[in-house]
Amino acid sequence: MNPHSLIASFHPANEPDTLASHERAEIDASTRFPVLLFFGSAIFWLLAGSLLGLVAAWKMTHPAMLDQMAWTTFGRLRPAHLNTVIYGWASASGIGVGLWLMARLCRIPLIHSRLLISAAIFWNIGVLVGVLGILAGDSRSIEWLEIPGYATPILFVAYAFIGVWAVIMFRYRKPGHVYVSQWYLFAAFLWFPWLYATANILLIWQPIQGSAQGAVNWWFAHNVLGLWFTPIGLASAYYLIPKIIGRPIHSYYLSILGFWSLALFYSWNGMHHLIGGPFPVWMVSASVVASVMMFIPVVTVAINHHMTMLGHFDALKWSPALRFTVFGAMSYTLASLQGTTMAIPSLNTFTHFTDYTIGHAHLGLYAFFSMAMFGAMYYIVPRLTGREWPSASAIRWHFWLVASGILLMIGSLTIGGALQGLAQHGLAGSFKSSLEYATPFRWLRGISGFLLLAGHLVFATLFALMLLKPARRKDGPALLAATAEANPEPAI
Amino acid sequence: MTAGLLLLLGGMVFLGGSALAAFYWSIQDGQLDHLGEAARTIFDEDEPVGTATDKFPSRK
């Protein structure tokens, strides 16, 4: 469905038409191709990124492994892992979920899908060229911005297309209330192109001088989490939790307060990565204060999700989408509160430069965001393909493999990192012993990588079957008639 | 002043302004009134409050 040309849709003088009323199933169907394209590419990059991460992790205990070829050295594999999972997996899956949610919440079929398909193509080319560039040795060695300069404009074009699309969708939405998830999504789709462009202008196009580059670097890197992944993950949880259990959000007031306080405080947080660095004290202090203020949006979300779920926790047994989403939502609370404590300078001196930070990053990006995206995909894909997931036990395998994998990873890195920090301060042996303390925990982290990769392979197989296997088609969108009572399977 | 900085300053003013404008609009438009009912806007006759909408696929 394409009521206007792209220019006409975007032109401010053009009054948006009132589109006819549409069924939910019709809206879902309109998102099918672009959303599945983003999901499919996300899952491909997830597998690639898991493999890169796994090899990089084992290099920490086996430094001589694969060190004969420059392409497989740690200094290239590690940024390749990071950029593959950030831009390839997490961003693409988030965009897919965001597109579907935008269409549902605007209550209109998705328009201008060709814009989105072009975005997906640019996107994948950008990530491919970028990651190969990193592996070939063109990394820019700026954390989270390692993708070489010849690939970033391709990515930017894709981001900008999606931003433009979000504005058009919002313009053509059905009149009525703007649900909290839509605030989050719309904001994320507008904020991210700006973040990415600003960081590239100040660090690559017309590089600013000296240590100010560090400030820009961490302003960007933290905002990718806070103003891009967090809003998308929360938008998904704020929609799916009430929708799946059939109960409105506990306190809608708190959810709106959470959105606006996140918008106010999060963009200040990045400088807490530079505590003790060569910066004016006020810059770091302002960031530490904002990091503590993040308590407000985080607690509003935590209270809201918990109180909505209260009395419905048995739903975790029968809904795969809810199980992943609630795992993600709980991890969001944990990750954010942990982040607040890590921004406190006296604690930061112990956690900085240790594996503790790596554990924290995976708590945010995997245990929160990736799990929320898995949950959303379990909900969305049957509604796009009109089929049920082919195997309940495979979904359970996926859940338990990745849940135990990520808990093992975060647990081992957190404990190992804390011991490292103590040793580095001479409180538990010598400085040199900090390495010896970390080693056994790095072995455990390496093992956790196998669990995660196995879980991802199960999920990729399920997804491929959903696309390819023609069997078990239902009349309407699958699962719509499901109720708690009707479900005969309480097994976990 | 370089073109890059001008672009960024303009962008900052625009983006900050747009956040304020969005907040102002949400108040003017009544988006912040009747918040209790607003939470129910994701439900409709097909999928009313009280209906669960996801479950594990059943075995053959």
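This is a predicted model: local features need pLDDT of at least 70, side-chain atom pairs count only at pLDDT 80 or more; totals for chains, interfaces and linings use all residues.
How many helices and how many strands does chain A have? Select chain A in the viewer: it has 17 helices and zero strands. Helices (H or I, at least four residues) and strands (E, at least two) are DSSP runs, numbered from the N terminus.

Residues are numbered from 1 along each chain as its sequence is written, and chains are lettered from A and ligands numbered from 1 in the order in which they are written.

**Chain A as a whole**

Keep chain A selected. Its C-alpha trace spans about 70 × 55 × 45 Å along the principal axes. The radius of gyration (taken over C-alpha atoms) may be set against the globule rule, which is 2.2 Å times the number of residues to the power 0.38. Chain A has a radius of gyration of 22 Å, close to the 23 Å given by that rule for 492 residues, so chain A is as compact as a globular protein of that length.

A residue is buried if 20 or more other C-beta atoms, placed from the backbone, lie within 10 Å of its own, exposed if 12 or fewer do, and partly exposed in between. Of the 492 residues in chain A, 53% are buried. Two residues are in contact if their C-beta atoms, placed from the backbone, lie within 7 Å. Among the contacts in chain A between residues at least 6 apart in sequence, 84% join residues at least 24 apart.

The average for chain A is 91, and 92% of the residues score at least 70. Then select residues 475-492 of chain A, where pLDDT stays under 50; the model has 32 contacts beyond four places in sequence for them.

**Helix 4 and what follows**

Select residues 74-106 of chain A, which form helix 4. This helix of 33 residues reaches 45 Å from its first C-alpha to its last, close to the expected 48 Å. The expected span is 1.5 Å times one less than the number of residues. At Val85(A), helix 4 of chain A bends by about 30 degrees; the bend is the angle between axes fitted to the seven residues ending there and the seven starting there. Is helix 4 of chain A mostly covered or mostly uncovered? Of its 33 residues, 31 are buried, and the helix is mostly covered. Just after helix 4 of chain A, select Arg107(A), which takes a positive phi of about 60 degrees.

Move on to helix 5 of chain A. Its buried residues include Leu116(A), Trp123(A), Val127(A) and Ile134(A). What covers the buried residues includes helix 3 (32-59), helix 4 and helix 6 of chain A.

Now select the loop between helix 5 (113-138) and helix 6 (152-171) of chain A, where Ser141(A) lies. Most residues other than glycine have a negative phi. Ser141(A), however, has a positive phi, near 50 degrees. Ser141(A) is exposed, because 9 other C-beta atoms lie within 10 Å. Trp144(A) lies in this loop also, and its phi is positive, near 75 degrees. With 19 C-beta neighbours inside 10 Å, Trp144(A) counts as partly exposed.

**Two alanines**

Select Ala215(A) in helix 8 of chain A. Ala215(A) counts as buried because it has 22 C-beta neighbours inside 10 Å. Leaving aside residues up to four places away in sequence, Ala215(A) touches Met271(A), Leu274(A), Phe279(A) and Met283(A).

Then select Ala302(A), which lies in helix 11 (residues 295-309) of chain A. Ala302(A) is partly exposed, with 19 other C-beta atoms within 10 Å. The C-alpha atoms of Ala302(A) and Tyr332(A) are separated by 8.3 Å, although the two are 30 residues apart along the chain.

**Chain B and the contact**

Finally, select chain B, which has two helices and zero strands. Its radius of gyration is 22 Å, whereas a compact globule of 60 residues would have one near 10 Å. Buried residues make up 15% of the 60 residues in chain B.

Show both chains together: the contact takes 42 residues from chain A and 28 residues from chain B. Elements giving two or more residues to the side of chain A that touches chain B include helix 7 (180-205), helix 8 (212-245) and helix 16 (392-424) of chain A. The residues of this side divide into 29 nonpolar, eight polar and five charged. Here Ala, Val, Leu, Ile, Met, Phe, Trp, Tyr, Cys and Pro count as nonpolar, Asp, Glu, Lys and Arg as charged, and the others, Gly among them, as polar.

How values were computed: pLDDT is the predictor's confidence in each residue, from 0 to 100.
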